[in-house]
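Here is a briefing on one protein chain. Take a look at the model first, then read the points by topic.

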Amino acid sequence: MSDKQEKPLTAKIEGVLPVGEHVEEVQNPDGEKARHRGVYLLPNLFTTANLFAGFYSLVCTMSGQFNTAAMIIFIAMILDGLDGRVARMTNRQSAFGAEYDSLSDMVAFGLAPAVLAYQWALIEMGQLGLGVSFIFAACAALRLARFNTQIGKVDKRWFIGLASPAAAGVVAGTVWAVWAISEDGVAAEDLHISFIMVFAAIVALAGLLMVSNVKYYSFKDFDFKGRVPFVVMLIAVLAFAIFVTDPPRVLLVVFLVYAASGPVYMATRIRRKNNRNKNATGVDS
């Protein structure tokens, strides 16, 4: 009688504890569907590290360590790049990994930079600054949700909208670069209101670019394993030398240029299209 009572209790405990296997249905290259149990460890470890980096950046922001919080966001970018590359190299991609990666990115590149921007400078603007910070966080969430629905449907060479790590790099790079001006750092009360307004515009624009239809080169088709001309290696060495001279400002410039590359590319395409239409009209007339 006691054995019969213990079985339902054990079943209830196992139903509460997260010990059940994750089962995922995937489609094999031959078109047949297969069911796989469990999750891949290695790429998800990098994703977990990315999530922790975002969480720790938030903790540093709340304790007033703004420069550290900004630097950790850049560390999260490295971890985010590694988890996807490791998954592709080891052929360990999964729907679970994609969703987990998006949730981690939301913390590291959505919430962390938004809270950092508010606590460092936008807090001086009151409710308006809070609204600008929320715009960035909300746009990051929308960007990540839209990205998941476009996997396998768009050209992998291009991002539709500014990638959330790049948008976070613009915000964190600004904080880190300005903070590095002084050994003791630059707090919100030390910033001029005109700079705070410019920074608010940058934060809002970075957020809106994430949900725009502007195309950005993804670098996913760049071959890191193949042979390259010797001059490419020389350029890489020079770039590294420039980076180590002043990492905060170099990173800020890099991410600002990348954020601007999308609108510039779009404007160039529109201009070329207009010129072709004008030439075609001239020929027809």
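**A buried arginine without a partner**

R146 is buried, yet R146 has no salt bridge. The nearest side chain of opposite charge, D105, is 14 Å away. Buried means under 20% relative accessible area, exposed over 50%, and partly exposed in between (1.4 Å probe, protein chains only). A salt bridge is a side-chain nitrogen of Lys or Arg within 4 Å of a carboxyl oxygen of Asp or Glu. For charge, Lys and Arg count as positive and Asp and Glu as negative, while His and the chain ends are not counted.

This is a predicted model, in which local features need pLDDT of at least 70, side-chain atom pairs count only at pLDDT 80 or more, and totals for chains, interfaces and linings use all residues. Residues are numbered from 1 along each chain as its sequence is written, and side-chain values use heavy atoms, with hydrogens and water left out.

**Around R146**

- R146 sits in helix α5, residues 127–150. Helices (H or I, at least four residues) and strands (E, at least two) are DSSP runs, numbered from the N terminus.
- What does the side chain of R146 reach at 3.4 Å? The backbone oxygen of V211.
- The R146 side chain also makes a polar contact with the side chain of N213, at 3.4 Å. A polar contact is a pair of N or O atoms within 3.5 Å; within protein, one must be able to donate a hydrogen and the other to accept it, and residues adjacent in sequence count only if both atoms are side-chain atoms.
- Not counting residues up to four places away in sequence, R146 touches I160, G161, M210, V211, S212 and N213. Contact means heavy atoms within 4.5 Å.
- S212 lies in the loop between α7 and β4 (215–217). S212 is buried, with a relative accessible area of 17%.
- The S212 side chain reaches the backbone nitrogen of V214 at 3.4 Å.

**The one salt bridge**

- The structure holds one salt bridge. The side chains of D246 and R249 form this pair, at 2.9 Å, N to O.
- D246 is partly exposed at 23% relative accessible area. R249 is partly exposed at 35%.

**Nonpolar core**

- The largest nonpolar core has 58 residues. Such a core is a set of buried Ala, Val, Leu, Ile, Met, Phe, Trp, Tyr and Cys residues joined through side-chain atoms within 4.5 Å.
- I73, W120, L122, F136, L162 and F199 touch the most other members. Elements giving two or more residues to this core include α2 (41–62), α5 and α9 (247–284).
- Beyond neighbours within four places in sequence, L162 contacts R143, A167, A206, L209, M210, Y216, Y258 and A259.

**H192 in a loop**

- H192 is in the loop between α6 and α7. H192 is exposed, with a relative accessible area of 56%.
- The H192 side chain makes a polar contact with the side chain of S194, at 2.8 Å.
- The C-alpha atoms of H192 and A121 are separated by 9.7 Å, though these residues are 71 apart along the chain.

**Whole chain and annotation**

- The protein chain has nine helices and four strands. Of its 285 residues, 36% count as buried.
- An unreviewed UniProt entry annotates "transmembrane region" at several stretches, including 158–181 and 193–214. Such annotations may be inferred rather than shown by experiment.
- Residues 193–214 are 82% helix and 0% strand, with end C-alpha atoms 31 Å apart.
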